[in-house]
Each structure stands twice: as C-alpha cells, then as structure tokens.
Amino acid sequence: MYVRFLSWRYLLRRRINLIGVMGITVGVGALIMILSIMTGFLEESRKTVRGSLSDVIIQPLNLPRADGSLVPKSAERLLEHLRPDPRIEAVSAHLSWGGILLQTGWDVSESEYRLKDPQGSELAFAQFVGIDVQDEFQATQLREALEREGEYRIPVDDVENPFAAPATHDEPEFYEWVVVGEQMARVHNLYKGALINLVTVVPSPMTDELEPSSRKFRVAGTFRSGENEIDLSRIYLDRWELSDFLSDTHEFTQVLVKLKDYEQERETIEADLSSELAEARLIHHAKSMEVRTWESFRGPLLGAIKNERVLMGIMLALIVLVAAFTVFAILMMMVTEKRRDIGILTALGATPRSIMSIFLMIGMWNALLGCSLGAFLGILGAIKIDAIEQWLSATLRVQIFDREVYLFDHIPSVVSPIAVVAIVLGALLATALFSVIPAWTASRLHPIDALRAE
Amino acid sequence: MTTSNLETVLSAEDVRKSFRVGEREIEVLHGAHLELRARERLCLMGASGAGKSTFLHVLGLLEQPTEGRVQLQGKSAWELAMSERAALRNRHIGFVFQAYHLLPDLSALENITLPARIAHSYGTVPFDKKLHTSEARDMLERFGLKDRINHRPNQLSGGERQRVAIARALILKPEIVIADEPTGNLDTATGDKVLEILFNEQSRRNASLLLVTHDERLAKSCDRVLVMVDGQIEADSEVMIPQ
C-alpha cells in the first residue's frame, strides 16, 4: 500500500521522470505509427501488385525440348485445358513485349538515331501488353484500373470496349487505339486521341534475325493500377493487334489465372499445375518455374517491403531501448538523491524488499504512463496520418507524401492489435529490466549509511 | 518515579559491535548492556565517540551487533527474520532523530501517518485513513501545528519539523521511543518546547523513552541516567533521579 503511495508520490514530485515517460511515449508511439504505416504499405502493395497480375501466372518457356518440339504458339490449347479446372475461376492470355514509346511526331529514323545515343535519356521504355479485354476483366483488376480516379486520368469512352475509337473522333481512322498508364500520360503529355509511335525489334520469321518495327497508335485513355512502374510504362492494346505488330511471331507470352480460392490453393497450385501442364505438353518442363503464384512472381518486391518493415521495427525498438536506459539513469539518480529517505523508511519499518518495490514501481509507472500515452498517440497518429501529413506539409511547405509517386490516394495504415500489444509488452519488459538494477541498489543500502547521507 | 520494579521492555546484553575500516577491525561497543523498563525515561549520556549512537542503532534494530543479544517484546530481535524484525521495529519503536529525518516529498500529515501505512503492509495495524489522519491532526493541533498540516518539511522551521517527527514516532502508540539528541539542532527555547511535548506525550501514552543527549539539564528530567564510556556502560554510572 505504502509502496504504491510513495512510488507515485516520488514520480510526481520528481519532474525528471517526465523525461522517462516522454521517451517511452515517443518510442512506443513512433513504433506503433510507423509499423502501422509499413503494414499498410505492405497490404496496399500486395493489393496493387496482385491487381495488375492475377493469382497464378503461367509463362511457358519457348525453348525446344529434347525431341525438338516447342510449346504451342497459340494460347488456345492452354486456355482450353485450364478453363474446365474446378479450381480456376477465370483465365486470360497476355502477349507481353518490350519496346520504346516515341514522342509524338518522331519517326522511325529519329528513333534509330535515338537508339544509338549512348545517353538514351530521351527514350521511354514501354511494356506492350496485348489482352483479350473480357477475359482480362475476369482474371485481373483491369476494369477497376480503368475506372480508378486520378489527377491525370483520361477516361476511356467505353470501359467495356476500351480500344474502340471515341465517339467524338470523326477523322478517317488509320490507327488502332491503346490504353496507357496514367503516369505515362502525365510524363509524355498525352491526351485523348494523341498519336504515339511504338518501336520494337521483332525476330524475322524468314531469317530469325532481329528487325526493327514501328507502328503508330492513338491514345484512347488511361488506366491507374496503383503500381508506379506499371503506370509509367505499360500500354494495353488488343492481343491480336500486338501479334500483328510483331509480324505474327508470337500470340501469347503468359496466361493469367484467377483461382476460386487462392488462400486454399496457394501452397499446392504451382506444383500441381506445373506437372499437369508439363504432362499435357503445354509448358516446357514441370521443374522450370513456368507456373508461379503472384507472390512468388513478385517475391523480391514484397520481400523488400517486409524487410523494410523489420528494419524499421528494429531501429524504432532502439528508441524504446534508449528510453528504458533513460529510466535506468533517472532511477539511479533518484536512488542517490533518496538515500536518506531509504534510511528513514528502514527506520520506520520498511524492508529492503519493499524499498526495492518502491523503485521498481517508479520504473513501472514510467513505463505504464509512457506506454499508455505512446499507444494512444501511436494509434491516433496511425489513424489520422493523412490529416497529420497534410497539416505538416502545409506548415512546413514541403510535400511529405507525394501521392503521385506512391499512387495511393491516402497514406495506407493498418493498426494491428497484436503488434500494439507486443510493442507495449516489449516496452514494459525492457523498462522493468532496466529498473531492476537501481531498485536492487536501493534495497542494498545500509540504513545507517543512508540516514547519514546529506 | 521508581522504575526498578517495572517490567523490562527492551534489553541489551553484552553487545559488541565492530566495523571494518580498510584492513583494520575497530570495535566500537565492548559488551554494552542496558535495560529499559516500562514507562521509564532513561537517559544515555557520554562523550562524542563513546559509541552512544551505535548502541542506539543496535537497540533500535537498525544495526546488527557483532555479538550479544537485544530483547524486545520477549524476542531476541537479531535472531528474527529481516521482515519480522522490521515489523517489530515499525510497531514497537518510535524514532526521533536529531536531524528530524522527515520525507521531504510528503506533507506533515503524510509523514506522520507513514508508519501506519507501513504497519498495514505487515497486517499488524490496519491502516484506517480516517482514524489515523484524525489522530495525526489531533497531535498536530496539540503540538501547535494546526495550520501546518499540509506543509512539507522544507516549509517548516526546525522546531516544527521535530514536533512532526515526534508525532510520527507516536502515531502507532509504540511502547518505546528512542530519541537521539532530539534538541541538538534547536535553540534552547525551541528545544525546551519540543522536550515538553515529548515528555508529555510519553507520559500520556505510558511509553518508555530512551534519550541520548549531551545536555545535563535534560538528563535531570529523566528517571535514570547511564553514562557510556569507550563503548561500555560505566558500571557505577547509573543515577536515579528523584522526580
């Protein structure tokens, strides 16, 4: 009873304890807020990365087998094999090809000149993705990407048929229409109906040597996947149009598969589909990683975000550790300062154990107040991070979170109750451990020496 | 008051105490003995360095003797477990120090009720905030500190502090009050007032008082006087003072 009474009184009378409380508050608050934001980023990134892909990506290797045979050039057999599978909800064939987007008005000769330029700074890499629109809508989140609001959005006239010429375009049409990423449109000042020149190299069907090829297209609108790299470089167009552009050398490069229950199938689907498709001779080999889930396909990116979160956690945990050190220093100082009090308390009947409890409890008050305040502020900060960022940006006149760079409309933040509990318990434990030495020192003081202390 | 026929409340037999100073072992008490009887006022005198304070600390269960026995409440105090000894000290001994030794972070009232809070933790006396606060207030009122109840020690004068310390020593109605030079830091007039309070309260509560002092005038107010010389009570030092 008197232990709680005295520890609370010492805590309030010695304002230096506020430094310990503040240190723990800052450490716990920052840890909760930053980890919530990192978790939010990870979840948003997972959604974004998954959104532009699907659950499973089948990318057959176009290498000759031992008997000289190749995987089928057409996607149809693969699609027909996959569609009846009860685990599969939708499939979509992609023809993905790399090339260069040239500024409006440039012609091939200029692009050839640019290609020889060692700086290459004027070149914009583009990823051409040929799709079957309705299949793509079912297997991926392209429809959502076409409809997603953005500052530089150029909406297509008809989402159901995004490669159709806009109704207002009444010029005689020579060019096919494409949909470009919103960031690409922003960077290259593209507009609805803008003429773009796509340049690539294609293996010649006759000589098998690479030959340059270019074709002009018009911009029908933009999409916003949320993944910066894709929104900066991807151009969607009709798969058969792209195949034609590539001189019919390729019809597809990937098949995207949406599963009915990804969580249930994620562990086994790669191996199962690989062996099934290899047996059906629809991929090169069962062991050549041609069937991958979206997580293993984008493993390095997700791994990097996870690593960042762990690193950030470790760094911020150091703040809590420093705060616990502060509590240790404050308590050691208090033990020295309160030597005479310790002697008096012993004379009045206190035991060394209760003297130890008094100082342990002061440490715990520090920790409890710091953790409670830190958890409250951390959770509040994580929930209100957008308002805080906007206020800070306005006050400091610096854009802290560039929504165009990250392509999130808000700063993502997910408060995990388990993480909050773990952080608070960790801080309590650290402070308790750091309080033990001063408390033990206090309990070891000889009462007469303590009474004589000035 | 004749005290020889009264029961003994605190006794020390053949108490020795040595301290290690570097390589040397220095014996401060060489077989000191003492008997404090119920309700008596015993004065312990002696020159500086005679070992009075050390003896007082041994008797107050604050310093363990190297040899010898201290009996309190019929128990050999230094053979008890630490917590039992602490409980015994809390319940049966009240201390009044020369330097007052009040906790600076507590008010006068809180300082006085602190032993009761500690006693509550042993279960010897349940802390009744209302009752103990009222008792503390009564004492402060009697001691002329009615308007100092919520003052902290640094807001009180030396005499006021010592009166608070006396109230603290008496709050649990202990059988023994040990006072180590209680007027040593006070001027004569203030010291006299403090002593008057201490003696009055001792009589009121039928407590035994063990008083260490240099002041012969003060010794004359006691029932018995013992003189300590070189760590021992002088065999023929006992003086019975007719009151």
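How many residues does the contact take from chain A and from chain B? I looked this up first. The contact takes 19 residues from chain A and 22 residues from chain B; two residues are in contact if their C-beta atoms, placed from the backbone, lie within 7 Å.

I noted that this is a predicted model, in which local features need pLDDT of at least 70, side-chain atom pairs count only at pLDDT 80 or more, and totals for chains, interfaces and linings use all residues. Residues are numbered from 1 along each chain as its sequence is written, while chains are lettered from A and ligands numbered from 1 in the order in which they are written.

I then examined the side of chain A that touches chain B. At least two residues each come from helix 1 (2-13), helix 14 (339-347) and helix 19 (447-452) of chain A; helices (H or I, at least four residues) and strands (E, at least two) are DSSP runs, numbered from the N terminus.

Next, I consulted the domains. Chain A is assigned domain 1 (2-47 + 302-452) and domain 2 (53-300), with bounds from an automatic or database domain assignment. Over C-alpha atoms, the centres of domain 1 and domain 2 of chain A are 51 Å apart. Their contact takes 6 residues from domain 1 and 9 residues from domain 2 of chain A. On the domain 1 side, helix 13 (299-337) and helix 17 (403-406) of chain A give two or more residues, and helix 13 of chain A has the largest share, 3 residues.

Lastly, I checked confidence. Chain A has a mean pLDDT (the predictor's confidence in each residue, from 0 to 100) of 86, and 93% of its residues reach 70 or more.
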